[in-house]
Amino acid sequence: MVEDARRRALELDFWSEPVTLRSLSAGPSGHRFLADDGMEHYIVHIGDDLPEHMVYRYNEIAVSQAAHEAGLSPALLHYEPGALVFEYDPDARATDADDLAQPANMDRLIGLLGQCHLDLPGRLEVPGPMFWVFHLNRRYARLIMQHGAALTSAPASSLARLMALNDELEAAIGAIEPVFCHNNLAIDTVLDNGEQFFLTQWQYGGWNDGLYDLASLATNLDLEAGAAEDMLHRYRQLTGEDADQTSRRRFAAWKRAALIWSGLWGGVGAMFPNPGSVSGSVPGSVLGADHFDYTLYSQQRLDRLEATIAEFRSI
């Protein structure tokens with residue numbers, strides 16, 4: 001609950017002076033507050049491990065530290081079980097599709113992703129996990145079946161059909177050259193202070209194909225097809241390559257795989273809800289007065305998947 005998270009934030013060993021807290025968001029992965037100790041402001045994230053989602057805070061801590069060292073993220077100033085305290089940039093704001101419609105912003109962000117994928121791994125103190133979305137999708141499907149839960153009434157929600165599509169997409173991807181990815185780029189995990197983009201909330205950070213970061217950003221921000229294609233083209237230019245037919249098909253496959261993951265994530269979240277949670281990182285239509293509507297979110301993601309399967313198969 002929000003009040004329990006607030007109490008935990010106020011009792012952190014980090015504080016030497018009384019603090020005031022303002023709630024920023026309270027979502028499926030935890031609660032975030034803006035803290036003021038009378039001298040500085042901080043971002044406080046309260047959240048425990050989420051084994052059902054393979055989220056373990058020790059990994060988030062290690063990756064957050066490496067990401068700051070690489071110049072990708074705000075500094076992690078303090079951590080203790082279930083709590084992280086980050087530096088606060090008052091000029092940083094969330095990124096949306098309109099921001100990325102500006103070529104200069106797109107170039108800055110793609111440059112940052114290239115830096116993440118190539119520079120961050122050498123700064124990690126731990127090996128880091130593999131984020132293979134196809135395996136994670138199969139795991140989510142098993143959890144849903146084991147608990148006898150229904151996913152949604154959406155046409156694409158048959159688990160057997162989703163797993164067949166999951167296999168088809170994995171085959172389309174083929175072999176990859178792993179780089180270290182964020183794996184959950186969204187409105188509130190990509191911040192911009194006007195001079196630099198920052199990546200935050202590394203709970204899903206792990207090894208993956210770099211195109212998956214582009215795919216998750218495109219799906220989570222609902223980028224138009226032209227903007228997503230432009231993003232792919234600019235990313236491939238980082239290594240002097242063209243966005244050829246093979247790249248476009250693999251990018252399309254990753255986008256559909258990300259939608260399956262989101263849909264199944266919502267299905268599992270409905271079985272293991274974070275009571276009283278409300279999040280600012282997802283469409284407002286899935287937010288109730290005091291809870292996150294996992295079932296509606298899942299259906300929205302799977303409806304979008306259903307509408308784009310034929311397009312993928314035509315590439």
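**View 1. Burial and overall dimensions of the predicted model.** Of the 315 residues in the protein, 53% are buried. The model shown is predicted. Ten helices and ten strands make up its secondary structure. The radius of gyration is 19 Å, close to the 20 Å given by the globule rule for 315 residues, so the protein is as compact as a globular protein of that length. Along the principal axes, the C-alpha atoms fill a box of roughly 60 × 50 × 35 Å. Among contacts with a separation of 6 or more, 71% join residues 24 or more positions apart.

**View 2. The largest nonpolar core.** This core has 73 residues, and those with the most contacts inside it are L120, M231, W254, W261 and L264. Helix α9, spanning residues 245-271, contributes the largest share of the core, 13 residues. In soluble globular proteins, nonpolar side chains tend to be buried together.

**View 3. The surroundings of L120.** When neighbours within four places in sequence are left aside, L120 is in contact with A66, A67, A70, L72, Q115, F180 and W202. L120 is also one of the residues with the most contacts inside the largest nonpolar core.

**View 4. Surface and charged side chains.** The accessible surface of the protein comes to about 13,700 Å², and carbon and sulfur atoms account for 52% of this area. The protein carries 23 positive and 44 negative side chains. The centres of these two sets lie 7 Å apart.

How values were computed: Residues are numbered from 1 along each chain as its sequence is written. This is a predicted model: local features need pLDDT of at least 70, side-chain atom pairs count only at pLDDT 80 or more; totals for chains, interfaces and linings use all residues. Side-chain values use heavy atoms; hydrogens and water are left out. Helices (H or I, at least four residues) and strands (E, at least two) are DSSP runs, numbered from the N terminus. The radius of gyration is taken over C-alpha atoms; the globule rule is 2.2 Å times the number of residues to the power 0.38. Buried means under 20% relative accessible area, exposed over 50%, partly exposed in between (1.4 Å probe, protein chains only). Contact means heavy atoms within 4.5 Å. Accessible areas come from the Shrake-Rupley method with a 1.4 Å probe; for residues, only the protein chains shown count as cover. Lys and Arg count as positive and Asp and Glu as negative; His and the chain ends are not counted. The place of a charge is taken as NZ of Lys, CZ of Arg, CG of Asp or CD of Glu. A nonpolar core is a set of buried Ala, Val, Leu, Ile, Met, Phe, Trp, Tyr and Cys residues joined through side-chain atoms within 4.5 Å.
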